[in-house]
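Student: I would like to learn how to read a structure of this kind, one feature at a time. Could we go through it together, with the general idea before each case where there is one?

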Amino acid sequence: MSEARGFLSVLTGSFATPAAENPTVAMIEAAYRHHGLDARYINCDVPSHALGDAVRGARAMGWVGFNCSIPHKVTVISHLDSLGASAAIIGAVNCVVRRGDRFIGENTDGQGFLTALRTVVDPAGQAFVVFGAGGAARAIAIEAALAGAASITIVNRDPKRGAGLVELVNAKTPAHADLVVWDASYRLPATTSIVVNATSIGLFPHVEGRLKIELSSLEPHMVVADVIPNPPRTALIRDAQARGCVTLDGLGMLVNQGIISINHWTGVDADPKVMRKKLEELFPS
């Protein structure tokens, strides 16, 4: 007699706009298949005005969780039941987890970034320059500060948003943060040790987008990281490599935050090699 089986998959996914450039779905579904999980990850292009409808739909359909990306990492909070500890400090959510009948907002961006960063340098005692002040920048700045960063300079076009992040770092962490309003080409101080692009500059389809920085200020002792996963070799990464810097592309952060998300949703510790391999197949160097 053949065994009976069910046909109801575990549902997860992502809400963002634009969404087509996000390779997370391929990476996470590769992990699901590798670990024999009957689970699906659905990449959804959700405009800002429909975010509440999307969250209510996920509740109604029994999703066990979902990711949030640009531009929903902050606004999704008003549609959730509560926040995890790190998300509450950061004030941004990139991973939502169903616990019982409640949707809880977590933030795995900063943790994923630090895991990748630690493969090349210890963040403790370092001087960071972070471009941007959105959800990814908030997560990275807070987690870096809690990991012992000596100083964090936030470089952002919007002074109000940038000042908000600086105040958050100074109030909630031991690190010192300051703000530079990004209204001209920025020259990195020679004392900078870690440079992070946490903006969407360079993201597909605008792949030749470049940060307004003085390239001559990139020095070989600096670690230069970009959160952009598509394409992994952004203009910033190429420019930094040409200047002799150690670089980190956005795939490491993407894989590491994905591992944490999968564990939140399924309890499985996903194999990072499987996830990274899938991304490298998509983006051959």
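Student: Let me begin with a proline: where does Pro71 lie?

Tutor: Please keep in mind throughout that this is a predicted model. Pro71 lies in the loop that runs between β3 and β4, and the peptide bond that joins Ile70 to Pro71 is cis, with an omega of about 0 degrees. A cis peptide bond is also found from Phe204 to Pro205, where omega is near 10 degrees, and Pro205 belongs to the loop between β10 and β11.

Student: Turning to the strands, which strands does β1 pair with, and how many bridges join them?

Tutor: Strand β1, residues 10-16, is joined by seven bridges to strand β2, residues 39-45, and the two run parallel. Within that pairing, Gly13 stands opposite Ile42 of β2. Strand β1 also runs parallel to strand β3, residues 65-68, to which two bridges join it, and here Phe15 has Cys68 of β3 as its bridge partner.

Student: What kind of unit do β1, α1 and β2 make?

Tutor: They make a β-α-β unit that is right-handed, with helix α1 spanning residues 24-34.

Student: How should I read a salt bridge, and how many does the structure hold?

Tutor: The general idea is that side chains of opposite charge can pair when their charged atoms come close. This structure holds 13 salt bridges. One of them joins the side chains of Asp81 and Arg59, with a distance of 3.0 Å from N to O. Asp81 lies in the loop between β3 and β4 whereas Arg59 lies in helix α2, residues 51-60, so this pair ties together parts that are 22 residues apart in sequence.

Student: Are the two partners in that pair buried, partly exposed or exposed, and what are the values?

Tutor: Asp81 counts as partly exposed because its relative accessibility is 34%, and Arg59 also counts as partly exposed, at 25%.

Student: What does Asp249 form a salt bridge with?

Tutor: Asp249 forms a salt bridge with Arg276, and their closest N and O atoms are 3.4 Å apart. This pair links distant parts of the chain, with Asp249 in the loop between β12 and α8 and Arg276 in helix α9, 27 residues apart. Asp249 has a relative accessible area of 23% and is therefore partly exposed, while Arg276, at 27% relative accessibility, counts as partly exposed as well.

Student: How far apart in helix α9 are Lys278 and Glu281?

Tutor: In general, an α-helix has 3.6 residues a turn, so residues three or four places apart point the same way. In helix α9, Lys278 and Glu281 are three residues apart, which means that about one helical turn separates them. Their side chains meet in a salt bridge of 3.9 Å, taken from N to O.

Student: Which residues are linked in a network of salt bridges?

Tutor: The network links Glu208, Arg210, Arg238 and Asp239. Asp239 is also among the buried residues of helix α7, residues 235-242, the others being Ala235, Leu236, Ile237 and Ala240.

Student: What covers the buried residues of α7?

Tutor: The cover includes β10, β11 and β12. Just after this helix, Gly244 takes a positive phi of about 90 degrees.

Student: Is Gln257 buried or exposed, and what does its side chain make a polar contact with?

Tutor: Gln257, which is found in helix α8, has a relative accessible area of 6% and is therefore buried, since the cut-off for buried is under 20%. Its side chain makes a polar contact of 3.4 Å with the side chain of Asn94. When neighbours within four places in sequence are left aside, Gln257 is in contact with Asn67, Asn94, Thr108, Asp109 and Gly112.

Student: And which residues does Asn256 touch?

Tutor: Asn256, also placed in helix α8, touches Gly112, Thr115 and Ala116, when residues up to four places away in sequence are not counted. Asn256 is buried, with a relative accessible area of 15%.

Conventions:
Residues are numbered from 1 along each chain as its sequence is written. This is a predicted model: local features need pLDDT of at least 70, side-chain atom pairs count only at pLDDT 80 or more; totals for chains, interfaces and linings use all residues. Side-chain values use heavy atoms; hydrogens and water are left out. Buried means under 20% relative accessible area, exposed over 50%, partly exposed in between (1.4 Å probe, protein chains only). Helices (H or I, at least four residues) and strands (E, at least two) are DSSP runs, numbered from the N terminus. Contact means heavy atoms within 4.5 Å. Two strands pair if DSSP finds at least two bridges between them. A crossover is right-handed if, with the strands pointing away from the viewer, the path from the first strand over the helix to the second runs clockwise. A salt bridge is a side-chain nitrogen of Lys or Arg within 4 Å of a carboxyl oxygen of Asp or Glu. A polar contact is a pair of N or O atoms within 3.5 Å; within protein, one must be able to donate a hydrogen and the other to accept it, and residues adjacent in sequence count only if both atoms are side-chain atoms.
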